[in-house]
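Grab your viewer and follow along.

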Amino acid sequence: MTNQKEKEIPVYLFMGFLGSGKTTFAKDTLLKQDFTEGQKTLFLICEDGEEEFDFDALRKKNIFPEMITEENLTTDHLLELSRKYEPENVMIEFNGMWELEKLFQIRVPKGWTVVQVISFVDATTFDVYVNNMKKVMMDQLRNADMIIFNRCDANTRKAEYRRSIRAVNRRAQIIFEGANGEVDNGADEEIELPFDISGPQIQLGEEDFGLFYADAADNPDKYVGKKIRFKAQVHRPSNYGDNSFVPGRFAMTCCAADIAFVGFKTYYAGSGSLTDREWVIVEGEIRKEYYPEFQGEGPVIYATSVAKTSPAADELVYFTY
């Protein structure tokens, strides 16, 4: 028997809370922009939104909508729908109140491959959701390839929102749209950093690493060629050789139960002698290179000195000051 390569069926996932604009985007993408180009598409709708779909119009485009409840979001039901429609594409409008982890844990039909995850955020209610449902909101942002803030206006704190997202997601493309749906390309407001980047060397205080990490991840060109000195803990990933490690800090990304280690890849000839979790003072130069963690280019550090030191007064860092 000849083994044929399994056909890949791309899956596009839209996320966001009710009123975030994902239904409007889906309607425009599917009906006006003809994103699927006539290919048979299974469209899984996980909530009744403020905007309603015209099911007949969708079917005329070879797009077959199916309402999904949390109870029937199961492997068996997805297999049944896959056999029924034999789709060439799958689009999922996911309910923002459901646990995203459930979707990623269930076994999907063969060939289904998530190729893009888009999160939608209403800029006028972002602070409310972050303050009251921070973990759910951050789960959506953490897993997104693209994050679209809509309904932005002159009061939207774009730089602050970018920074909060970079704390949990370094790779996502972040887009701000005005109330008319047009991309807002206006400059972000400047945020005064608690450390000076104008001198010959950036000196980070113990509490500054979180803000440095978020700002450098979002604006790497601002730091390229800069010398830096900071205190950090050692992490040696198993796939790194003896010439590189990650000096970083444990950071609270959204709540006490959600703590992550953050840092940039650092090249240092003596990395093989370092031990996980020991504290060091790192001195080096910031450059920009491609590596998989960013799925593109991002900051890396070429260290000239790594010296053991005492622990920081506070083991955690934060993304505010």
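A polar contact here is a pair of N or O atoms within 3.5 Å, where, within protein, one must be able to donate a hydrogen and the other to accept it. Keep in mind that this is a predicted model. With that in hand, start with glutamine 233, whose side chain reaches the backbone oxygen of arginine 277 at 3.0 Å.

**Glutamine 233**
- You'll find glutamine 233 in strand β9, which covers residues 227-235.
- Glutamine 233 has a relative accessible area of 2%, so it counts as buried.

**Aromatic rings**
- The structure holds 20 aromatic pairs.
- One of them joins phenylalanine 43 and phenylalanine 53 edge-to-face, with 5.0 Å centre to centre and 90 degrees between the planes.
- That pair links distant parts of the chain, 10 residues apart: phenylalanine 43 belongs to strand β2 (residues 41-45), while phenylalanine 53 is in the loop between β2 and α2 (55-60).
- Both phenylalanine 43 and phenylalanine 53 are buried.
- Phenylalanine 126 and tyrosine 161 also pair edge-to-face, at 4.6 Å centre to centre and 65 degrees between the planes.
- Here the partners are 35 residues apart, with phenylalanine 126 in helix α5 (residues 126-132) and tyrosine 161 in helix α7 (residues 158-166).
- Phenylalanine 126 is buried at a relative accessible area of 3%, and tyrosine 161 counts as buried at 3% too.
- Ring pairs also tie Phe195, Phe209, Phe212, Tyr213, Tyr223, Phe230 and Phe264 into a cluster.

**Charges over rings**
- Lysine 265 puts its charged end over the ring of tyrosine 240, 4.7 Å from the ring centre.
- Arginine 287 does likewise with tyrosine 302, its charged end sitting 4.0 Å from the ring centre.

**Positive phi without glycine**
- Glutamate 86 isn't a glycine, yet its phi is positive at about 45 degrees.
- Glutamate 86 sits in the loop between α3 (75-85) and β4 (89-93), and it is exposed, with a relative accessible area of 60%.
- Arginine 151 also has a positive phi, near 60 degrees; this residue is in strand β6 and is partly exposed at 35% relative accessible area.

**Aspartate 145**
- Look for aspartate 145 in the loop between α6 (134-142) and β6 (146-152).
- Its C-alpha atom is 6.3 Å from that of glutamine 173, 28 residues apart along the chain.

Technical notes. Residues numbered from 1 in each chain as written. Predicted model: local features only at pLDDT ≥ 70, side-chain atom pairs only at ≥ 80, totals over all residues. Heavy atoms only, no water. Helix = DSSP H or I, 4+ residues; strand = E, 2+ residues; numbered from the N terminus. Buried < 20%, exposed > 50% of the residue type's maximum accessible area, 1.4 Å probe, protein only. Phe/Tyr/Trp six-rings, centres within 6.5 Å; stacked < 30°, edge-to-face > 60°. Lys NZ or Arg CZ within 6 Å of the ring centre and 35° of its normal.
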